[in-house]
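Subject: Structure handover and notes

Dear colleague,

Here is the structure I promised to pass on to you. Please look it over alongside the notes below, which follow the order in which I would go through it.

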Amino acid sequence: MNIMRTAMLLAFMTALFMGVGYLIGGSGGMMIAFLIAAGMNLFSYWNADKMVLRMHNAVEVDERNAPEYYGIVRELVQRAGLPMPKVYLIDNPQPNAFATGRNPENAAVAATTGLLERLNYEEVAGVMAHELAHVQNRDTLTMTITATLAGAISMLGNFAFFFGGNRENNNPLGFIGVLVAMIVAPLAAMMVQMAISRTREYSADRRGAEISGDPLSLASALDKIARNVERIHNPDAERNPATAHLFIINPLSGERMDNLFSTHPNTENRIAALQQMAGGTGGGMRQPETRAAPQAPAPEQSAPSGPWGQQPAETKPPRQSGKWGRNPTGPKGPRS
């Protein structure tokens, strides 16, 4: 079913790309757009994940330089029965995360430093389980290709603005066609992105909660991320808005548009669904045991305690253990 949906999406996006080409340059423009779209489809299939990671300056990490973060992903992968993806870190204070890759065997997950610093261990595990759910559901190929083609269609609309007026002889609709290319086509591409992201986030929330065994921690993580996104700017996301639907929460700040133009479902609705999942049925999933929190050297108003919160000086691990502290046993799932 996912293969069919991906094929239909590619066909629609290609047709939209060709339509914009026709509005700009007539039949010749349509053929050029078709060749560009075909090349981009092929290129995107093999390289879109690398492009997205590069757009956000993601750096690959492993258990040597990010032991606890890497350990969270490894434990969740084992629980989900997935191949181990590549694990990336993005140096950005905004808490967020996304997954990409053409299939589970060639997948990657990425989290920002803000996510690791502002969320506790169980919340980070819930977020990464959500991203692995996208990998398991094979959402990542569709979402990543959509980001690439939507960006290309928007670029073509900009091209129409600068060069469309000089090609009115080849454009059967004249200036009206240029306006349609400038406005309608990028809007249509944006609507496709929204439809894809909004319909898949609920499914990834549910499956992610099943993988981590802790719906309430994922709900808490969504609330913290949403509140921080409102006040912490993400320059890389602002420069590449076509990738916004990849993230667990829309990373674009400031513009709170209504539900019709939202790239993600309403966060409160997602939280409510997870809370219902946690306590709605007697046979529902149990929240895992709470990890023993290390004692903080100061009250709550001191430095924030994330999943690698401060330990007393005499028990701090040696520096070679990495920026992200002790090596964990992994997130605890539901008891059998």
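Predicted model: local features only at pLDDT ≥ 70, side-chain atom pairs only at ≥ 80, totals over all residues.

The chain contains nine helices and four strands, and, read from the N terminus, its elements come in the order α-β-α-β-β-β-α-α-α-α-α-α-α. Of its 336 residues, 51% are buried. Among the contacts between residues at least 6 apart in sequence, 71% join residues that are at least 24 apart.

**Strand 3 and its partner**

Strand 3, residues 97-101, has five of its five residues buried, so the strand is largely enclosed by the rest of the structure. Ala97, Ala99 and Gly101 point one way from this strand, while Phe98 and Thr100 point the other way, and residues on both sides are buried. Strand 3 runs antiparallel to strand 4, residues 107-112, and five bridges join the two; together they form a hairpin, with five residues between them. Within this pairing, Phe98 has Ala110 of strand 4 as its bridge partner.

Thr140 counts as buried because its relative accessibility is 2%, under the 20% cut-off. A polar atom of the Thr140 side chain lies 2.6 Å from the backbone oxygen of Gly101. Apart from neighbours within four places in sequence, Thr140 is in contact with Ala99, Thr100, Gly101, His134 and Val135.

Asn92 sits in the loop between strand 2 (86-90) and strand 3, and with a relative accessible area of 4% it is buried. Although Asn92 and Thr112 are 20 residues apart along the chain, their C-alpha atoms are separated by 5.5 Å. Once neighbours within four places in sequence are set aside, the contacts of Asn92 are Thr112, Thr113, Gly114, His233, Asn234 and Pro235. With one of these, Asn234, there is a polar contact from side chain to side chain, at 3.0 Å.

**Salt bridges**

Side chains of opposite charge can pair when their charged atoms come close. The structure holds nine salt bridges, and I describe some of them here.

Glu123 forms a salt bridge with Lys224, with 2.9 Å between the closest N and O atoms. This pair links distant parts of the chain, since Glu123 belongs to helix 4 (residues 121-136) and Lys224 to helix 7 (residues 215-229), 101 residues apart. Glu123 is buried, at a relative accessible area of 4%, whereas Lys224 is partly exposed, at 23%.

In another salt bridge, the side chains of Asp62 and Arg64 meet at 2.7 Å, N to O; here Arg64 counts as exposed, with a relative accessibility of 65%. Finally, Glu201, Asp205 and Arg270 are linked in a network of salt bridges.

**Helix 9**

Arg270 leads on to helix 9, where it is one of the buried residues, together with Thr267, Ile271, Leu274, Met277 and Ala278. Seen down the helix axis, these buried residues fall within an arc of 120 degrees, so they line one face of helix 9. The face turned away from that buried side carries the exposed residues Glu268, Gln276 and Gly279.

Helix 9 has 13 residues, 267-279, and reaches 19 Å from its first C-alpha to its last, which is close to the 18 Å expected at 1.5 Å a residue. At its start, a side-chain oxygen of Asn266 comes to within 2.9 Å of the backbone nitrogen of Glu268.

With best wishes

Notes. Residues numbered from 1 in each chain as written. Heavy atoms only, no water. Expected span 1.5 Å × (residues − 1). Buried < 20%, exposed > 50% of the residue type's maximum accessible area, 1.4 Å probe, protein only. Arc of directions from axis to C-beta. Polar contact = N/O pair within 3.5 Å; in protein donor to acceptor, adjacent residues only side chain to side chain. Pairing = 2+ DSSP bridges. Salt bridge = Lys/Arg side-chain N within 4 Å of Asp/Glu carboxyl O. Contact = heavy atoms within 4.5 Å.
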